[in-house]
Amino acid sequence: MQPNEVKALLESRISGCEFHIQGEGCNFQVIAVGEAFEGLSPVKRQQLVYAALSDEIASGALHAISIKTFTPTQWQTASENAE
């Protein structure tokens, strides 16, 4: 899979979030920013993203995924946002 394919999948399955994807093949780094993460624990936030990609993970199309999640407020001060 390509990063743009992973991004399209996530955007179609989790509304109101912005995704930044890096990686190639079946190994990707996902940064997700959205109101959907407001009030959720870090584990629940990751579960939300993993659930959106569960079919691709089960099929082996995606293998290694690292996920960082932020609310919009957290993203404004995050070091990853130095793009």
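In the predicted model, helix H2 (residues 42-52) has three buried residues, Arg 45, Val 49 and Ala 52. These residues span an arc of only 60° around the axis, which places them on the same side of H2. This arrangement follows the geometry of the α-helix: with 3.6 residues a turn, residues three or four places apart point the same way. The exposed residues Val 43 and Ala 51 lie on the face of H2 that is turned away from its buried side.

The strands S1, S2 and S3 form an open sheet in the order S1-S2-S3, with mixed pairing. Strand S1 (17-24) and S3 are the edge strands, each pairing on one side only. From one strand to the next, the twist averages 15°. S1 and S2 run antiparallel and are joined by 8 bridges; Glu 18 has Val 33 in S2 as its bridge partner.

Two helices were found to lie across strands of this sheet. H1 lies across S1 and S2 and runs at about 150° to S1, while H2 lies across S2 and S3 at about 130° to S3.

Residues up to four places away in sequence being left aside, Glu 56 touches Met 1, Leu 9, Arg 13, Ala 61 and Leu 62.

How values were computed:
Residues are numbered from 1 along each chain as its sequence is written. This is a predicted model: local features need pLDDT of at least 70, side-chain atom pairs count only at pLDDT 80 or more; totals for chains, interfaces and linings use all residues. Side-chain values use heavy atoms; hydrogens and water are left out. Buried means under 20% relative accessible area, exposed over 50%, partly exposed in between (1.4 Å probe, protein chains only). Helices (H or I, at least four residues) and strands (E, at least two) are DSSP runs, numbered from the N terminus. The arc is that of the directions from the helix axis to the C-beta atoms. Contact means heavy atoms within 4.5 Å. Two strands pair if DSSP finds at least two bridges between them. Axes are lines fitted to C-alpha atoms, for helices over the stretch in contact, and angles run from 0 to 180 degrees between N-to-C directions.
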